[in-house]
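Colleague: I am new to this structure and would like to go through it with you. Could you show it to me before I begin asking?

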Amino acid sequence: MSLPDAVRSELRALLTHARCPYSRFPVAVIIRDSVGTLFRGVNVESAAFPSGFCAEKAALGAAVTALGSGVAPETVWIATDTRVATPPCGSCRQLLSELAPDAEVVSWAVETDVVRRWTVAELMPDAFDFEVDSSE
Ligand code: THU
């Protein structure tokens with residue numbers, strides 16, 4: 001899925017909702033599932049730094065809250081106010097591999113209009129899973 005104009009404008013608006021007084025690095029995410037439902041998230045930072053969370057986690061949390069763990073994300077759009085399009089962090093890749101294994105991740109650098117795309121499998125090969133056969 002490309003980056004429709006309506007998604008771009010909503011991502012721009014969401015970037016203004018990010019709570020990032022410490023990093024000053026706003027991130028906005030919109031997840032679209034297989035029937036077109038949208039789930040949104042922004043990063044939320046805390047003065048107790050590890051208590052903050054990423055925009056991907058907020059959006060995945062919104063999706064699971066709405067639909068349970070049967071949610072089937074197809075597209076994960078990420079926006080940052082940067083010159084380069086940033087991939088999700090390692091911790092978010094783990095969650096994506098469990099909750100959105102078939103999704104395409106599209107990252108948009110708003111400053112330069114650069115767009116990068118990956119499958120979740122490309123971002124997180126050999127993800128941790130309890131089902132992994134320990135004899136391999
Ligand atoms: N951040 C995200 O929201 N997603 C990522 O994948 C990487 C980092 C946030 C966390 C923190 O609020 C800020 O960006 C700087 O790391």
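Colleague: Leaving aside neighbours within four places in sequence, which residues is Gln-94 in contact with?

Modeller: Gln-94 is in contact with Met-124, Ala-127 and Phe-128, once neighbours within four places in sequence are left aside. Contact here means heavy atoms within 4.5 Å. Please note that this is a predicted model, in which local features need pLDDT of at least 70 and side-chain atom pairs count only at pLDDT 80 or more, while totals for chains, interfaces and linings use all residues. Residues are numbered from 1 along each chain as its sequence is written, and side-chain values use heavy atoms, with hydrogens and water left out.

Colleague: Where is Gln-94 placed, and does it count as buried or exposed?

Modeller: Gln-94 is in helix 3. Its relative accessibility is 17%, so Gln-94 counts as buried. The cut-offs are under 20% relative accessible area for buried, over 50% for exposed, and partly exposed in between, with a 1.4 Å probe and protein chains only.

Colleague: Which other residues of helix 3 are buried, and what covers them?

Modeller: Besides Gln-94, the buried residues of helix 3 are Cys-92, Leu-96, Ser-97 and Leu-99. Their cover includes helix 2, strand 3, strand 4 (104-109) and helix 4.

Colleague: Let me step back. How many helices and strands does the protein have?

Modeller: There are 4 helices and 5 strands. Read from the N terminus, the order is α-β-β-α-β-α-β-β-α. Helices (H or I, at least four residues) and strands (E, at least two) are DSSP runs, numbered from the N terminus.

Colleague: What is the radius of gyration of the protein?

Modeller: The protein has 15 Å, which agrees with the value near 14 Å that a compact globule of 136 residues would have. The radius is taken over C-alpha atoms, and the globule rule is 2.2 Å times the number of residues to the power 0.38. Along its principal axes, the C-alpha trace spans about 45 × 35 × 30 Å.

Colleague: What percentage of the residues is buried?

Modeller: Buried residues make up 39% of the 136. As for contacts with a separation of 6 or more, 62% of them are between residues 24 or more positions apart.

Colleague: Which residues touch the most other members of the largest nonpolar core?

Modeller: They are Val-29, Ile-31, Val-76, Ile-78, Leu-96 and Val-105, in a core of 19 residues. Strand 1 (27-33), helix 2 (55-67), strand 3 (73-80), helix 3 (90-99) and helix 4 (120-123) each supply at least two residues of this core. Helix 2 provides the largest share, 4 residues. A second, separate core has 15 residues, among them Leu-11, Leu-15, Trp-77 and Trp-108. A nonpolar core is a set of buried Ala, Val, Leu, Ile, Met, Phe, Trp, Tyr and Cys residues joined through side-chain atoms within 4.5 Å. In soluble globular proteins, nonpolar side chains tend to be buried together.

Colleague: What does Ile-78 touch, not counting residues up to four places away in sequence?

Modeller: The residues that Ile-78 touches include Val-27, Val-29, Thr-86, Val-105 and Trp-108. Thr-86 lies in the loop between strand 3 and helix 3. With a relative accessible area of 18%, Thr-86 is buried. Beyond its neighbours within four places in sequence, Thr-86 is in contact with Phe-25, Ile-78, Thr-80, Ser-107 and Trp-118.

Colleague: On to backbone angles. What is the phi of Arg-24?

Modeller: Arg-24 has a positive phi of about 55 degrees, although it is not a glycine. Most residues other than glycine have a negative phi. Arg-24 is in the loop between helix 1 (5-15) and strand 1, and its relative accessible area of 66% makes Arg-24 exposed. Asp-126, in the segment after helix 4, also has a positive phi, near 55 degrees. At 80% relative accessibility, Asp-126 counts as exposed.

Colleague: One last topic. How far apart are the C-alpha atoms of Val-114 and Val-84?

Modeller: Those C-alpha atoms are separated by 6.6 Å, although the residues are 30 apart along the chain. Val-114 belongs to strand 5 (residues 114-119) and is partly exposed, with a relative accessible area of 34%. Not counting residues up to four places away in sequence, Val-114 touches Arg-83, Ala-85, Ser-107, Trp-108 and Ala-109.
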